[in-house]
Structure formats: C-alpha cells, structure tokens
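Morning, everyone. I have one structure to go through today, and I will keep it short.

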Amino acid sequence: MGVGTSWPPYVMYDDVRYTGLDVEITEQVFLRAGFCVEFVKLPSSARGIVELQKGEIDVLPSASYNKSRAKIAHFSKGYRRERMRLFTRHINQPINSLTELFSAEYTFTANPGAYYGEELAQILTIKWYKQRLFEVASVTQRMELVKRGRVDFLIEDEISGLYFKRLLGYKDIQLHSYVVNDNAIHFMLNRKNFDNEKVKKVNNAISELKVSLKAIEDKYTKWIKSP
C-alpha cells in the first residue's frame, strides 16, 4: 500500500528510511488496521493529490478536509489537530484578519496544493492578492525565504514550523499571534482500494490508538519546547 509523503510535518528522508511525526503515526495506525505500508516520496502536496486520484498511491496523511478533496477520496476520522500559523521575522502587530496583511501588500509563501482554510481560499480568489503568495514545495526553502527577507510571511502548520525553525536554528523567525486555520487532519484514502470496511478498520485503529498517537505528538512537541 503506497503512502505519499509529500507534505506531512517532520517527514525526514536519509536515503534509507522515512522518519517523523506523521510517519510514526501512519505506521502505527495502518499496522493496527492490518495493512502493510510503503512510503513514496512526492515533490509537493499538489502532486500527492494528483497521484492519489490517479490511483498511483493509496493514502495521503496529514490532510485537511474540504469538499473538493472529498469528491476524489475517502477521509478517515481525524487523528490529530493542525493549526496553521504565520511565521515572520519582524511583522508582529496584532491583526483581525488575514486580509489586512494581503491589503498591506505583504508577501507570503506556502506549500503548493495544501489547504489553509476558507479564509485564505477566499482571499486567493482575488488575483491581486493571489500574486502575493509564492508556493514552494520544500519547507526548508520556505523558511529560507523568510530568513533572507525574500517574503514577509510563511504560512505553515504550527508544530511543523516550530520544529523546522529550531532544526535550522532560525531564532529570528517568530510565530505571529494570528491563527490562520485550526482543524482536524485525516488520512485521504484512495476510493478504488478502500471500501467502507477498510475505511472502518482505519477509523477503529485511530480510536484504539488515541493515547499512543498523542504520545507520539507529545514527543515531538517536547523536543520543540526543550532548551
């Protein structure tokens, strides 16, 4: 069973194996559900959606639900929460909406094909605003754009952003107070290879492993917060 690893936070690859938060969670869930998994490296979230729809892969972890995605795949129940936040070097004044920053002509970077909530989706329907968002597949490259002042804001999962901020030693990049989106994340499951019974097995595994999955997440967040 092919599992795409295009966007989950903490996915690391050392030419031998994949490691990270969503890799560990995926392995535990699908082992409990009775499936073997093989991870497949993909260049971006957008490519992951395409490959899932084509049937080239079976599962995409760390997926936010929206109606267009639900048309092409089953969604498991949520297995953790994801808070999309803003990372920046110097712009930390409080705001009431994301539109304020786009209107002020600030620039942004984000992951191609990722879903950041309805607020950003609506903003990007306006061409002038959309031109201010630069999509880059690599989270380290996105961080580097902020670090070098090429863009003003990175839109990123809070845990992922804090993880890579520490990993790369970027102490001058700060977490802005505004929450772009807060929602559960799921596994997207290929409709051809997952019937209702198999989806149920995945959902049951998530429920049975609730404590274990929280412990995996806590392991990573503890490292982020440690001195």
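Predicted model: local features only at pLDDT ≥ 70, side-chain atom pairs only at ≥ 80, totals over all residues.

Helices first. Two packed helices are described by the angle between their axes and the distance between the axes. Here the two are H1, residues 21–33, and H9, residues 196–208; their angle is about 120° and their axes are 8 Å apart. H1 and H9 are therefore oblique to each other, and their crossing is right-handed. On the H1 side, the contact is made by Val29, Phe30, Arg32 and Ala33. H9 contributes Lys201, Val202, Ala205, Ile206 and Glu208. Sorted by class, the contact of H1 with H9 has six nonpolar residues, three charged and no polar ones.

Now the rings. How many aromatic pairs are there? The count comes to 13. One of them is Phe102 with Tyr129, a tilted pair at 5.9 Å centre to centre, with 55° between the planes. Phe102 lies in helix H4 and Tyr129 in helix H6, so this pair ties together parts that are 27 residues apart in sequence. Both Phe102 and Tyr129 are buried.

Next, Tyr106 and Phe153: this pair is edge-to-face, 5.8 Å between centres and 80° between planes. Tyr106 is in the loop between H4 and strand E8, while Phe153 is in strand E10, so the parts tied together are 47 residues apart in sequence. Buried or exposed? Tyr106 has 22% relative accessibility and so counts as partly exposed, whereas Phe153, at 0%, counts as buried.

Methods. Residues numbered from 1 in each chain as written. Heavy atoms only, no water. Axes fitted to C-alpha atoms, helices over the stretch in contact; angles between N-to-C directions. Helix = DSSP H or I, 4+ residues; strand = E, 2+ residues; numbered from the N terminus. Parallel < 35°, antiparallel > 145°, perpendicular 65-115°, else oblique. Left-handed = near helix turned anticlockwise from the far one by under 90°. Contact = heavy atoms within 4.5 Å. Nonpolar A, V, L, I, M, F, W, Y, C, P; charged D, E, K, R; others polar. Phe/Tyr/Trp six-rings, centres within 6.5 Å; stacked < 30°, edge-to-face > 60°. Buried < 20%, exposed > 50% of the residue type's maximum accessible area, 1.4 Å probe, protein only.
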